[in-house]
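Me: I have a model open and would like to learn how to read it. Could you take me through its features one by one?

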Amino acid sequence: MLLFGLFDHIVKQVASEVARQVSIAGREVAQEASRKIMNEAMEVGKEQVKNLGRTVNLNMVKGNKEKLVTEITRIAGKYNGELTVPIVMTEFDMPESEAERSLRLLASKDICFAREGMDDTTVYIFPGFKPRKTIKLCEYCDNRFDPKDMKEPDCPSCGAVLITADVYE
Ligand SMILES: [Zn+2]
């Protein structure tokens with residue numbers, strides 16, 4: 001309804017401008033002018049409709065938790081599976097508290113997990129978008145090895161049995 005109203009408004013403006021042109025100049029001049037005005041109006045309209053559409057979408061998303069979860073997860077793909085509160089604030093035009101709450105909600109559903117990044121920021125990792133690699137891991141001393149380098153089943157540092165694990169790069 002809102003979108004139709006906006007187009008309606010633009011068309012009315014164009015029509016009144018055309019009427020004005022007809023009264024000032026001849027019909028041909030007016031037709032040429034009206035074409036130009038219409039094109040410009042449609043360009044402006046397209047941009048406004050796009051922005052309006054985005055706002056409507058954002059409001060729909062914000063009011064709907066399920067949709068928000070889906071949308072944030074989709075955005076995570078765009079950022080290589082790593083989101084921060086500032087990114088979500090920008091993408092969804094949200095206050096900090098809401099962005100943080102949304103990411104925590106996703107973490108509580110195991111869609112992502114929080115990891116302390118550099119300079120004390122929390123990075124939310126979405127494993128679905130992260131490349132994985134298989135490593136040999138020592139659970140005792142936490143050393144990690146490339147399976148290709150490990151001929152022996154034991155940890156070279158402490159002698160414990162190594163386990164095979166999938167980790168995110
Ligand atoms: Zn070890």
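Reply: Gladly! Let's begin with pairing: two strands pair if DSSP finds at least two bridges between them. Helices (H or I, at least four residues) and strands (E, at least two) are themselves DSSP runs, numbered from the N terminus. As a case, K136 has T164 in β6 as a bridge partner.

Me: Before we go on, what kind of model is this, and how are residues numbered?
Reply: This is a predicted model: local features need pLDDT of at least 70, side-chain atom pairs count only at pLDDT 80 or more, and totals for chains, interfaces and linings use all residues. Residues are numbered from 1 along each chain as its sequence is written.

Me: How many helices and strands are there in the protein?
Reply: The protein has five helices and six strands. Read from the N terminus, their order is α-α-α-β-α-α-β-β-β-β-β.

Me: Back to K136, then. Which sheet order do β4, β5 and β6 follow?
Reply: In general, strands of a sheet pair through backbone hydrogen bonds, either parallel or antiparallel. Here the order is β5-β4-β6, an open sheet of three strands with antiparallel pairing. The edge strands, β5 (144–145) and β6 (163–168), each pair on one side only. β4 (residues 132–137) is joined to β5 by two bridges, and to β6 by six. Towards β5, K136 has F145 as its bridge partner, while L137 has R144.

Me: Is β4 buried or in the open?
Reply: The idea is to count neighbours: a residue is buried if 20 or more other C-beta atoms lie within 10 Å of its own, exposed if 12 or fewer, and partly exposed in between, with C-beta atoms placed from the backbone. Of the six residues of β4, zero are buried, so this strand lies largely in the open. Across the protein, buried residues make up 11% of the 169 residues.

Me: Which residues make up the largest nonpolar core?
Reply: A nonpolar core is a set of buried Ala, Val, Leu, Ile, Met, Phe, Trp, Tyr and Cys residues joined through C-beta atoms within 7 Å. The largest one has twelve residues: L68, I72, A76, L83, V85, V88, A99, L103, L106, C112, Y124 and F126.

Me: What does I72 touch?
Reply: Two residues are in contact if their C-beta atoms, placed from the backbone, lie within 7 Å. Not counting residues up to four places away in sequence, I72 touches V88, S102 and L106. V69, also a residue of α3, is in contact with L106 and I111 when its neighbours within four places are left aside. V69 is partly exposed, with 16 other C-beta atoms within 10 Å. Its C-alpha atom is separated by 7.6 Å from that of S102, 33 residues apart along the chain.

Me: What order does the sheet with β1, β2 and β3 have?
Reply: The order is β1-β3-β2, again an open sheet of three strands with antiparallel pairing. β1 (82–83) and β2 (113–116) stand at the edges with a single partner strand each, so one side of each is left without a neighbour in the sheet.
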